[in-house]
Amino acid sequence: MSEIPKAYEPQAVEAKWYQFWLEQKCFVADPARVNARRQAYSIVIPPPNITGILHMGHVLNNTIQDILARKARMDGKEVLWLPGTDHASISTHSVLERELRKRGVMKHRTDLGREKFLEHAWAWKEKYGGIIIQQLKKLGCSCDWTRERFTMDPEYSRSVQRVFVALYKQGRIYRGKRMVNWDPAARTALSDEEVEMLETKGHLWHLKYPLLDEAGHPVPDQFVVVATTRPETMLGDEAVAVNPKDPRYTTLVGRKVLLPLQNRPIPVIADDFVDPKFGTGCVKVTPAHDPNDYAMAQRHGLPLTVVIGPDGAMTAAAGKDFERLDRMQAREAAVEKLTAQGLLLKVEDYVHSVGHSQRTRVPIEPYLSEQWFLKYPAVDQARTCVGLGAAVDKSVPWVHLPGAGACGEDRKRLRLAAMKLARQEGWIGKTFRNVDTGWDVLLRRKSLSHAFNNRNAIVIQAASVLPELIRTAVLWRSEPHRPPHPRFKQVHHLLAGLNQAGEYYAVPIVVKELADGTFLYDYKAKRAAFGGKPLVAHLPEEKLGSQPAPNVASVSVRELLASVKSDLGGAIRFYPDRWTKTYAHWMANLQDWCISRQLWWGHRIPVWYNELGRRALDKTVLVVRLSGQELPGRTARDLRRSAWRLAETSGFLRQRFENRDTGWEIYVNRRSLEHAFANKGLANIKLVPALPQLLNHAVHIATESHAPPIPQVARVHKFVAALQLDAELYRVKFTVKELRDGRKFFDHQAISVKGKETDGKSPGTHPLTGKLVTRPASASCYKVAEIVGDVNSDAAFIRCQIDSPGEGWIQDPDVLDTWFSSWLWPFATMGWTGDREQDAQHPTLKAFYPTTDLVTAPEIIFFWVARMIMAGYEFMGDLPFRNVYFTGIIRDKQGRKMSKSLGNSPDPLDLIAKYGADAVRFGTMRSAPLGQDVLFDEKDVELGRNFCNKLWNACRFRQMQGGNVEGEIDPRLLSSDDRWILLRLDQAICEIDAAFAEYRFNEIAQTLHRFFWSEYCDWYVEASKAILSGSSLTLATSDLEHRANTLAVIDFILSHTLRLFHPFLPFITEELWHGMGFHDDLPADQGGRTIMVAHWPKPFDAAFKEHYGLDAAVEQFVSAKYELVGQGRNLRREANIPAGKKVRFVLKPAGQLAAHEVEVLKLLLQAEKLELDSSYPPRKGTPVVHSVLGELYLPLEGLADLGAERARLTKELVKIDGEIEKVQAKLNHPAFREKVPPAVLAEHQKRLTDWQAKQTRVQQALNALGEGSG
RNA sequence: GCGCGGUUAGCUCAGUGGUAGAGCACUACCUUGACACGGUAGGGGUCAGAGGUUCGAACCCUCUAUCGCGCACCA
């Protein structure tokens, strides 16, 4: 098969196999194939932006995902790797708007209007949005492309909106006027997470504000000096603040200063916020343009003057001189004018952090605007499910255990003794309240006996302090309990510390929460130690004392956990786990999430406003005053009856009243009255006398189409009126039902009026008392807006629902933060409907949710990971993934972040074209250790290419040998080299499995590299040439048998190697798998069709090793052989023998040596001849090396160079002496022999003997050379 | 200010108590029938510094230096 090219050419191979995999539907996940024996494995791609193109970060991230997915398939799992893209509101806006401006289509998006703009956006998305997906295919990603999703797919969008509506209904979403982070370039609000603080060199301007006297005239030469970094904001100043405790300024408080440029008097106020030590201790207060100033303004009732508009330009309020200036120009202008007026005291250089928009890079403007906010759901679950939870910073007291001795070694007897103790003390069946959680934890016989099944006598000793342990244990994690124990709702992990005579134990207590609310416990004690050493060594003296006092010492949970962490994993684990801290920190300091963006591309907020209602808000309603007339009756029923009577006698019933606002005639009938009175609130009854008037004066605020099931009703109209009873003001809401015949019946409800939300946080209850006079004139009027109060709660004006409520309703113009769609990614991509029962039956969700792994960057722990966890718990009732792997950041050789602007990011597609996808994958993975940033170097890819080439040629070599493919291996014919390489393979498989379990991909890559290159190619293949093509090869049957057997071993190794390599190098392994014919005899679904689903190699079991004679002796022998070869080659080099020259070696063997071994040695030594001679008399000065297998001489022709040989031996001797000295020093240490583990001691002794033997031999050789120069 | 990570060969980095490692680069030799995208041999390290724990420390603890990252504050 010599047609195989000499070097691997990836391009054609990659295209061919990717096409093949797609055609054969190898990436398609089928939930129907998932069952008890075939587990599901799932992973959702972190959806790349549609604006993005593939960069090295994607390569790293997606290669890892592909490796995980391919490995899982080979493990026999049903794999779903779900791909897709993210619509990326702000990015898309910025890219698209730039392009449209460049093309001259528009100046600002408002020129186009929303609809036109979105047309452009969709067109752009269709054209460019799929680029990155195509690029991932080039990388070999095995995503199920049939399930590709986009966050703005109709189905996905509906999920986003469904979630919004659900959270809105829970009261978690609210609208509020707040100081938000405003991006003046994109003209939108941003969440706190999207703001990047950048150190900025600026100035601190000290401004002089003239002090005014009582009459409002400036006092000559008296100023208040304030310092600011943003002089342009002074135009919106409303006060100067000082600290109330600052003695310098107490006399100033309450006086006024003149705001320069605006020539407006503003007050001096006192507020604790002011730090007297900073600057002059006086602060200018700009309520509309600084979050802290805004808070102060709220406290002091200051007005808000907006001087900077949403586009970053000054408003009219800034004054004629500044209006329309950009904020930076305004700064210069203000400074200039102040300087001219002599009001600028000084300017200092000042370095401070300024918030910048992550997307547009412009400085953030604090801006007062109305936005939507979300109070995060499922926070508690999200907080406790990851890693160690928040409890790690707590401390637990040491519970002191008196030296209650163990009752012998027998575990059963110990258990009985402990049970007896527990019974005697009356603990069994008793509950103990945990101080940390307040729970009552129940002590049961069964849990006690379970605990004692664990090894460790301390558990039994701890029985005597059980109640205390349970009481003082700290909760550090809760996780949902899974089947098969449906009785258990939740599992909690608690941790306590135990001290017995200076020994410290961590006691993890597992508490199971039952559905009925009881808590049962189980526990196990483990010696608390660090790095194998007792904790006692690490605790400060005062915590211990020689006889520790009970319960005084305490230790942090973190310290205790260090010793038990490995036992107890969180429901979600982070790799590397240090990110759990970052996560916990953020979860502990959650701020409500600003989810609205003033953009068009994205999910429009599913909130509808009633246009008529909004217009009606500006109308005024007459307050109808109700005399204090009481209706007779005490119970609601009595009252209702008398109300009807009154209505009847007053002639209201069946009467029509003309409404002044609409001109309609509204009927009062008995029925509607009855319904109204069924509402709680005496006001309903009391207002009956005022009813005609209310109906006349009510203002129409909303019309909506009526939904079935009352076919006679065509529409529903909402009216509002105001009613005053004594000093209480009521809002009266009328629902007017318009029948199809045109008649209108009413229904009504009165609610006492509360104020609007004022503090921006919780809608408070602020009765409008100030506005009501004690005896108001009956003609007093209020704006509808005022009496309607909190709009959020009033369904008359605002609706939260996915589809339009009907004509007259207009949708909120804002879109949602892109992350508000991304946080649903793990389930919204799988067909989520929001209906629990339906979702539970959905095949995809059922089989693949929760997902197994998530691979992402640590920068988006807050943006994405944490939010996905909360959404998962909230909407699926379960976590979204079990493991999160955080990649490092890819940097360039200089350590700089790769970025477009620096131009230091190589285009991965160029690399793939140049080196092949496998090379890019392997090179990247080899240089990307867990949790560290990656300094990318093209050399890494070159290494990958070289490696592929090596693999290619090794297989090529095998093919050139011919023979049967994958013949039977006969253990009787195995050479020592065969056995050795099988052992090395086993070792490699074990190492790789262990590394996979910990997501240490660079270690896997290194192991693969070492095994294949350094062990298989460098040693085994070379050695096997003795049989395959050695000079002694004859056509004798035995030789041919050996040859076939060697080929069988090679095939065995290669077929395993290809499978081990497949997740990293999918293309070349598939090509070789077929090229070598390894697929031939396999069933289609086990590697017959594709290596993708070939079985993942397993470590050899004992029977296999015994059958093939794989033991430590072989390993030692072959190691010694190769060491001898190394030494022999070194002799050649020292003697300056050219590499290509064949020489004669003589071996004085130490024992029996098979002819085959001699042949191998000869080959590896590049020897013309290797003579075996046990009585070889070397000429004086003949270079020699000594090994376990014997002495190897390199007889030289002509005069031996005695000096060179002496120098060589002396050098070796020095090295040996050094080693001996080191080992001996250790062994001579008196404590060493006593304390060291026996295995280590033996190992050291052997090392010493070996070196000493070597020393003797080298010394002898040196002596044989004689003294002096020769 | 708080927290996290790093400091190991010329470069990039592995290594988590028991003989200091890899790749690249370097030096010398070798185009040998798998592979020059290769082979063989070699040089090169007080594991940032100091102290401590230990029989034993690159590894655990404390401190220092230094670089990087994140959070908070910033008038």
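1. Tyr609 has Ile798 in strand E38 as its bridge partner, and this contact belongs to the 3 bridges that join strand E29 (residues 607-610) to E38 in the antiparallel sense. Two strands are taken to pair if DSSP finds at least two bridges between them, and the strands (E, at least two residues) and helices (H or I, at least four) are DSSP runs numbered from the N terminus. The model is a predicted one, in which local features need pLDDT of at least 70 and side-chain atom pairs count only at pLDDT 80 or more, while totals for chains, interfaces and linings use all residues. Residues are numbered from 1 along each chain as its sequence is written, chains are lettered from A and ligands numbered from 1 in the order in which they are written, and side-chain values use heavy atoms, with hydrogens and water left out.

2. The sheet that holds this pair is open and has 3 strands in the order E38-E29-E39, with antiparallel pairing. Strand E38 (798-800) and strand E39 (809-811) stand at its edges with a single partner strand each, so one side of each is left without a neighbour in the sheet. On average, and with direction ignored, neighbouring strands here are turned by 30° against each other; axes are lines fitted to C-alpha atoms, for helices over the stretch in contact, and angles run from 0 to 180 degrees between N-to-C directions.

3. A second open sheet has 4 strands in the order E46-E45-E48-E47, with mixed pairing. Its edges are strand E46 (1167-1172) and strand E47 (1184-1187), each of which has a single partner strand, so one side of each lacks a neighbour in the sheet. E47 and strand E48 (residues 1190-1193) run antiparallel and are joined by 4 bridges, and Val1185 has Leu1192 in E48 as its bridge partner.

4. Strand E11 (residues 264-270) pairs in the parallel sense with strand E9 (residues 239-242) over 3 bridges, and in the antiparallel sense with strand E10 (residues 256-259) over 4 bridges. Within E11, Ala270 is the bridge partner of Val242, whereas Pro265 is that of Leu258. The hairpin of E10 and E11 has 4 residues between the strands, and Leu261 takes a positive phi near 65° there.

5. The count of aromatic pairs comes to 59, where rings of Phe, Tyr and Trp (its six-membered ring) pair if their centres lie within 6.5 Å, with planes under 30 degrees apart counted as stacked, over 60 as edge-to-face and the rest as tilted. The rings of Trp593 and Trp823 have centres 5.4 Å apart and planes at 90°, so this pair is edge-to-face. The pair links distant parts of the chain, 230 residues apart, with Trp593 in strand E27 (residues 593-594) and Trp823 in the loop between helix H23 (819-822) and helix H24 (825-828). Trp593 is buried at a relative accessible area of 1%, and Trp823 is buried at 0%; buried means under 20% relative accessible area, exposed over 50% and partly exposed in between (1.4 Å probe, protein chains only).

6. Two lysines deserve a check against aromatic rings. Lys125 lies over the face of Phe150, at 4.2 Å from the ring centre, and the charged end of Lys1025 sits over the ring of Phe957, 5.4 Å from its centre. The criterion is that NZ of Lys or CZ of Arg is within 6 Å of the ring centre and within 35 degrees of the ring normal.
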